[in-house]
Amino acid sequence: MDSIIFDVDGTLWNSTDIVAKAWTDYLRHKENMDMEITSEKLMSLFGQLLPDIARALFPDFSEEEQLRLIEGCCQAEHDALSVQCAPLYEGLEETLQELSAHYPLFIVSNCQAGYIEVFLKATGFGKYFKGHLCPGDTGMAKGANIRKIVRDYHLVSPVYVGDTMGDYHACQEAGVPFIFAEYGFGEVTSPYAAIQKPRDLISLCLSND
């Protein structure tokens, strides 16, 4: 192992409560839609590509309108998370601080452009990460973005930490071992390894030095 790549939602923080309120407020007050987005609904959707989330939430609208609505939701989300940092998983900063002393750390998420930057600014964690990618940056899905990070930074034996089957399948596509964050949003069978809290990564990764 020479590097670690992380997912964001369900792995580093849980933004669903803040995002659900931001999306609901936007849809009700800006779009005049009597629609409530719940954190439980978002947990079932996060990890998918944004057009797929838009299709699931707004099935009766045209594709163009779905994308317009989800873009408005995402801007409201960025504004809300810039004001209030989402809850971080216990021991996260200590874990990142320790791991970054031994490995370069990266983020690859299926989020919109700007979301990872909001996470890094809200948390102050930019100092721990060497780079990040998302479909909003590249137009590519998670598996391809993992491969791009590997190529761009000349990684030899990275691992990926995530919490959904979508993460698992992206890692299979990219040929990168998958570490399952059991405390997150999804269920995964047959991961390379599993952790019950972020700090478990320290013993797991450093034991492989």
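Contact means heavy atoms within 4.5 Å. The legends below concern a predicted model.

**Figure 1. Surroundings of Trp23 and the nonpolar cores.** Leaving aside neighbours within four places in sequence, Trp23 is in contact with Ile37, Leu42, Ile53, Leu57, Ile70, Cys73, Cys74 and Glu77. Trp23 also belongs to the largest nonpolar core, which has 57 residues. Together with Phe6, Phe58 and Phe129, Trp23 is listed as having the most contacts inside this core. Helix α1, formed by residues 16–29, gives the most to the core, with 7 residues. Apart from this core lies another, of 16 residues, with Leu155, Tyr168, Val176 and Phe178 among them.

**Figure 2. The buried face of helix α3.** Helix α3 spans residues 50–57, and its residues Leu50, Ile53, Ala54 and Leu57 are buried. How are the buried residues of α3 arranged when seen down the axis? They fall within an arc of 100 degrees, so they line one face of the helix. An α-helix has 3.6 residues a turn, so residues three or four places apart point the same way.

**Figure 3. The largest pocket.** Rolling a probe the size of a water molecule over the atoms shows where empty space is left. In this model, the largest pocket holds about 190 Å³ of space. Its lining is made up of Leu50, Pro51, Leu67, Ile70, Glu71, Cys74, Gln75, His78, Gln112 and Ala113. Which helix gives the most to the lining of the largest pocket? That helix is α4, with 6 residues. Both α3 and α4 supply at least two residues each to the lining. Two of the lining residues, Ile70 and Cys74, are also in contact with Trp23.

**Figure 4. Ser39 in helix α2.** Ser39 lies in helix α2, which consists of residues 39–45. Is Ser39 buried or exposed? Its relative accessibility is 11%, and because buried means under 20%, Ser39 counts as buried. The side chain of Ser39 makes a polar contact with the side chain of Glu40, at 3.4 Å. Beyond its neighbours within four places in sequence, Ser39 is in contact with Thr16, Asp17 and Ala20.

**Figure 5. Thr123 in helix α6.** Thr123 is found in helix α6, which covers residues 115–123. With a relative accessibility of 16%, Thr123 counts as buried. Polar atoms of the Thr123 side chain are placed beside the backbone of two other residues: the backbone oxygen of Phe119 lies 2.7 Å from one such atom, and the backbone nitrogen of Phe125 lies 3.2 Å from one. When neighbours within four places in sequence are left aside, Thr123 is in contact with Trp13, Cys85 and Leu88.

**Figure 6. Tyr128 in the loop between α6 and β3.** Tyr128 is placed in the loop that joins α6 to β3, the latter being residues 131–133. Although Tyr128 is in a loop, it counts as buried, at 8% relative accessibility. Which side chain makes a polar contact with the side chain of Tyr128? The partner is Glu93, at 2.9 Å. Not counting residues up to four places away in sequence, Tyr128 touches Glu93, Leu96, Gln97, Ser100 and Leu105. Of these, Leu105 is 23 residues from Tyr128 in sequence, while the two are 6.7 Å apart in space, C-alpha to C-alpha.

Note on methods
Residues are numbered from 1 along each chain as its sequence is written. This is a predicted model: local features need pLDDT of at least 70, side-chain atom pairs count only at pLDDT 80 or more; totals for chains, interfaces and linings use all residues. Side-chain values use heavy atoms; hydrogens and water are left out. Helices (H or I, at least four residues) and strands (E, at least two) are DSSP runs, numbered from the N terminus. Buried means under 20% relative accessible area, exposed over 50%, partly exposed in between (1.4 Å probe, protein chains only). A polar contact is a pair of N or O atoms within 3.5 Å; within protein, one must be able to donate a hydrogen and the other to accept it, and residues adjacent in sequence count only if both atoms are side-chain atoms. A nonpolar core is a set of buried Ala, Val, Leu, Ile, Met, Phe, Trp, Tyr and Cys residues joined through side-chain atoms within 4.5 Å. The arc is that of the directions from the helix axis to the C-beta atoms. On a 1 Å grid over the protein atoms alone, a cavity is a set of points where a 1.4 Å probe fits but cannot get out, and a pocket is an open set with protein on both sides within 12 Å along at least five of seven lines; lining residues have an atom within 4 Å of a point. Grid points are joined across faces, edges and corners, and a volume is the space filled by probe spheres set on the points.
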